[in-house]
Amino acid sequence: MKHTITAALALAACGTPVAASPETPAPIAAPPSYVADAMLAKTLPEISGELASGEMTSVGLTRAYLARIEAIDRAGPRLQSILVVNPDALAQAAASDARRASGAALGPLDGVPILLKDNIESLDPMATTAGSLALKDNITGRDSPLVAGLRAQGAIILGKTNLSQWANFRSNNSISGWSSVGGQVRNPHMLDRSPCGSSSGTGAAIAASLATGGVGTETNGSIICPSNVNGLVGFKPTVGLIPQTGIVPISPSQDTAGPMTKTVTGAALLMNAMAPDEVDYTEHLSGAALKGKRIGVLRAAQGSNPDIIANFDKALREMRQLGATLVEIEENDIPGEFWPASLRVLEYEFKDSLNAYLADAAPGVETRSLSDVIAFNLLNGEEELPLFGQDLFEESDALGPLTDEAYVEALRLVQTTARENGIDRMLAEFDVDVLVSPSGPVSPRVDPVNGDVWPDWAGAGFLAAVAGYPHLTVPMGEVHGIPIGVSFMGARGADAHILAYGYAYEQATLLRPSPAYLETAEDRPEIAAAMQK
């Protein structure tokens, strides 16, 4: 690219200047292009292959990502998706190149730059902040088990990504993608649209080709939603498959980390490194994986948006053409008490698990309990509380221990609803292998005044989240330039099969959109023509 730009400048210098006449207005300069070049636009499997063959080096690749971060995350459209880059990244890349040169590569991820959501600890000299200034000195010097797994395969820890502060569990009026440490993450497809959360920065960064792959975390939708609206593959594995140690927690019964990548194969490769169960998640990836399978179509979860429904119906036709049998499931029997009970479970578990995490945080951290964090936010309100409050913090802090009957009963209710009376029952009663639905609604605009204002919801990811079961989203198209995905959900432990089903659909459709970095929807020709008369 550098030589192309130099040549263009040289040719321009050799031209004869022509003064613009009053009748001929000067040409309007084309907007800058933020599209990734050929190397950085590649997927994780492609980059892994080229590192193995010697077609690229980890140092060259890492330098290119660092330059792109400066160009479009810190400048240009200012995505604000990355909080900090690892000062040791280039040294790690050089060590990887040396291993490969000596024939001692550690695995397919050796030399591959990976971004971590900034609630995941690594031993690199970077704080784990959860997006809060209260944890700005939380440099723990230890790897969470998932990072240790990535490092054992030679992955480069490129940096930490911005997120919805405290993984979006501070207020009911929060703004997805905002943190006091990093500001507001921007969606690279349409900059005024929500990147969703809480793994907002990971979603935006991987969509914008700022790293080869990324790791997010989910309690309820925090991997699936940002993957959906950023046009990525996102995988929430069975809870417990990836150890939760070394991750700033919300809910031990629902929390999990998971991969966010451009392809299902990339997600499977990251799973191989992060999950210590020695299952090869690439083994079942096949274009024929849906042949002979029975798919439960969650019609009650398709929402009301006609564009989403049209894309979903098209996705279903593709699955049928791949040899699957579709089984319509019209019901949506969720008891009314499920919703307040599900929030109460999270509040109880948040207080208990966060207090335990903060007690073991880095020595420089002064906030050692949820009560301390609440007080810190009040003392630093201009930075921490300028857009929304901390009502979820306060409600959680007022609760008792996990031995309270209110917690025990709420947990029983929500897990029974999502498991035995939910996913398990539908899989058995309708004799299906997997459940599918849209992954979420069309992303709305970022609204710093009202907080998140989402349209009528599409999807049933809450069932997989509360049950702790696997959930995969794969791109299925876009609505006026805004990506949307289709979800595959299944039984506990069916992770490898869920990835395989999504892979078959992905390979048959290849619908992952490239970011256009539009300012607003009115930059779309069809919308501009309707809006501007």
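Trainee: Of the contacts in the chain with a separation of 6 or more, what share comes from residues 24 or more positions apart?

Mentor: In this predicted model, residues 24 or more positions apart make up 74% of the contacts in the chain with a separation of 6 or more.

Trainee: And how many helices and strands does the chain have?

Mentor: There are 18 helices and 13 strands in the chain. The radius of gyration is 23 Å, close to the 24 Å that the globule rule gives for 533 residues, so the chain is as compact as a globular protein of that length. Along the principal axes, the C-alpha atoms fill a box of roughly 85 × 60 × 55 Å.

Trainee: What percentage of the residues count as buried?

Mentor: Buried residues amount to 57% of the 533 in the chain.

Trainee: Which residues have the most contacts inside the largest nonpolar core?

Mentor: They are L146, L150, M319 and F488, in a core of 94 residues.

Trainee: Take L146, then: what is it in contact with, leaving aside neighbours within four places in sequence?

Mentor: With those neighbours left out, the contacts of L146 are I120, V215, I242, I247, A257 and M274. There is also a second, separate core, which has 29 residues, among them A301, V327, I329 and L427.

Trainee: Switching to the surface, how much of the accessible area belongs to carbon and sulfur atoms?

Mentor: Carbon and sulfur atoms hold 55% of an accessible surface that comes to about 20,800 Å² for the chain.

Trainee: And the charges, how many positive and negative side chains are there?

Mentor: The chain carries 36 positive and 61 negative side chains, with the centres of the two sets 5 Å apart.

Conventions
Residues are numbered from 1 along each chain as its sequence is written. This is a predicted model: local features need pLDDT of at least 70, side-chain atom pairs count only at pLDDT 80 or more; totals for chains, interfaces and linings use all residues. Side-chain values use heavy atoms; hydrogens and water are left out. Helices (H or I, at least four residues) and strands (E, at least two) are DSSP runs, numbered from the N terminus. The radius of gyration is taken over C-alpha atoms; the globule rule is 2.2 Å times the number of residues to the power 0.38. Buried means under 20% relative accessible area, exposed over 50%, partly exposed in between (1.4 Å probe, protein chains only). Contact means heavy atoms within 4.5 Å. Accessible areas come from the Shrake-Rupley method with a 1.4 Å probe; for residues, only the protein chains shown count as cover. Lys and Arg count as positive and Asp and Glu as negative; His and the chain ends are not counted. The place of a charge is taken as NZ of Lys, CZ of Arg, CG of Asp or CD of Glu. A nonpolar core is a set of buried Ala, Val, Leu, Ile, Met, Phe, Trp, Tyr and Cys residues joined through side-chain atoms within 4.5 Å.
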